[in-house]
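User: I'm new to this one, so please walk me through it. Start with a term I'll need along the way.

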Amino acid sequence: MKCLVAGGNVKVLGKAVHSLSRIGDELYLEPLDDGLTLRTVNSSRSAYACFLLAPLFFHQYQAAAPGQDPLRCKILMKSFLSVFRSPAMLEKTVEKCCISLSASSCRLVVQLHCKYGVKKTHNLAFQDCESLQAIFDPAACPYVLRAPARVLAEAVLPFPPTLAEVTLGIGRGRRVILRSYQEEEADNPAKAMVTEMSVGEEDFQQLQAQEGTAITFCLKEFRGLLNFAEPANLSLSIHFDAPGRPAIFAITDSLLDGHFVLATLSEMDPHGQDPGCPELQRPVPQLQAHSTPLLDDFAGDDMDSYMIAMETTTLGSSREGPRVLPSRSPSPRAPSEDDEAESTVPGTPPPKKFRSLFFGSVLDPAHSPQGPSPVLAEDSEGEG
């Protein structure tokens, strides 16, 4: 693989890497005919992010040498991030960036061509890997919000940097409400600071959701995508379903596509609210009674719509079929906590758990989708 990034796109590439660094510790690079993909996933499998940089994004782009198959690799996020440490300095000093990947050298070479003829060469060790691919379908989500990233960035600006989760919902008058999420079991909830922002429907380019819908997701990853989309004046689409189902955050441009898929907290127990503290009630009512109830074991989920999985392709041999790893799916008769595969997200209080998007669901053979079945990939080295 060889590609050359020139001009202001070097800064765009750097900001994309910064956004991905908010999620995972490893960066997966895969050159395709459609462009270069940068992907990552967090250790708990509750957040996934991908940027697809189209060939037009580059001044020169070659996915693979003639007669050779494209290489896939993963590198430490910190290593790649160190090359693009300061996006502002990249814009001022770097004129072009050349990225090459060669199996013979076993190095990912990133060379920055700076002003006054200065060249900075970074040789990064990489590891051959299987293809990391998320399975999700934004069109399958019944609710969609679309607005300029600037509007959403201003809406989350008042929230403190230490806030872990935020609740997004539709309130009265079809106003979009963003409210800091408070753990119900927290000590002295009356003393907790609650921040709430309300945005009118007129500020959204598309608002397809009924009053009373609400989801809670991690704010850190959401801010990472906003920091990328706002300077580029891009619009951000949020596709979501009932609480507990993954939410898809998407940006689209002629030169790139970006998708962040984040787990959401399961619907809270309405009886767990403290009636003595009405100011801490959720900003929007619970889902209507006619809504589809959530199943704790995800047994009825549509895998193609809501479950993230890893599609694996054996390197160097296309004849071998996919390796099916031991299933961690719940038992249909007696689901347990381990079977549900819930994973505590680092940085959040211990009682809060996001369901892993990679594990915890299985389809009966009769309901399995047609075509090659996605299989689960082994955890990367260093993960338990």
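Analyst: A polar contact is a pair of N or O atoms within 3.5 Å; within protein, one must be able to donate a hydrogen and the other to accept it, and residues adjacent in sequence count only if both atoms are side-chain atoms. This is a predicted model, where local features need pLDDT of at least 70, side-chain atom pairs count only at pLDDT 80 or more, and totals for chains, interfaces and linings use all residues. Residues are numbered from 1 along each chain as its sequence is written, and side-chain values use heavy atoms, leaving out hydrogens and water.

User: How many helices and strands does the protein have?
Analyst: Both kinds of element are DSSP runs numbered from the N terminus: helices are H or I with at least four residues, strands are E with at least two. Counted that way, the protein comes to 7 helices and 21 strands.

User: What percentage of the residues in the protein is buried?
Analyst: Buried means under 20% relative accessible area, exposed means over 50%, and partly exposed is in between (1.4 Å probe, protein chains only). Of the 384 residues in the protein, the buried share is 48%.

User: Among contacts between residues at least 6 apart in sequence, what percentage joins residues at least 24 apart?
Analyst: A contact here means heavy atoms within 4.5 Å. Take the contacts between residues at least 6 apart in sequence, and the share joining residues at least 24 apart is 67%.

User: Which side chain makes a polar contact with the side chain of Asn 42?
Analyst: Asn 42 sits in the loop between β3 (35-41) and β4 (47-53). Its relative accessibility is 6%, so Asn 42 counts as buried. Its side chain also reaches the backbone nitrogen of Arg 45 at 3.0 Å. Side chain to side chain, at 3.2 Å, its partner is Ser 44.

User: Leaving aside neighbours within four places in sequence, which residues does Asn 42 contact?
Analyst: One of them, Ile 23, is placed in the loop between α1 and β2 (26-32). With neighbours within four places set aside, Asn 42 is in contact with Ile 23, Gly 24 and Ala 47.

User: How far apart in space are Ile 23 and Phe 222, C-alpha to C-alpha?
Analyst: Ile 23 counts as buried because its relative accessibility is 9%. Beyond four places in sequence, the contacts of Ile 23 include Thr 40, Tyr 48, Glu 221 and Phe 260. Ile 23 and Phe 222 are 199 residues apart in sequence, yet their C-alpha distance is 9.9 Å.

User: How many of the 11 residues of helix α5 are buried?
Analyst: The buried ones include Leu 219, Phe 222, Arg 223 and Leu 226. Helix α5 (residues 219-229) is mostly covered, and out of its 11 residues the buried number is 9.

User: How is α1 oriented relative to α5: roughly parallel or roughly antiparallel?
Analyst: Helix α1 (residues 9-21) packs against α5 at about 170°, with the axes 9 Å apart; axes are lines fitted to C-alpha atoms, for helices over the stretch in contact, with angles from 0 to 180 degrees between N-to-C directions. Angles under 35 degrees count as roughly parallel, over 145 as roughly antiparallel, 65 to 115 as roughly perpendicular and the rest as oblique. Therefore α1 is, relative to α5, roughly antiparallel.

User: Which elements do the buried residues of α4 pack against?
Analyst: In helix α4 (residues 149-156), 6 of the 8 residues are buried, so the helix is largely enclosed by the rest of the structure. Those buried residues include Val 151, Leu 152 and Val 156. They pack against β11 (143-148), β13, β14 (196-199), α5 and β17.

User: What is the phi of Asn 233?
Analyst: Most residues other than glycine have a negative phi. Asn 233 lies in the loop between α5 and β17 (235-240), and Asn 233 is exposed because its relative accessible area is 70%. It isn't a glycine, but its phi is positive, at about 55°.

User: Is Arg 174 buried or partly exposed?
Analyst: Arg 174 is in the loop between β12 (165-170) and β13 (176-180). It too is not a glycine and has a positive phi, about 55°. Its relative accessibility is 24%, so Arg 174 counts as partly exposed.

User: How far apart in space are Ile 170 and Ile 215, C-alpha to C-alpha?
Analyst: Ile 170 has its place in strand β12 and counts as buried because its relative accessibility is 0%. Along the sequence, Ile 170 and Ile 215 are 45 residues apart, while C-alpha to C-alpha they are separated by 9.7 Å.
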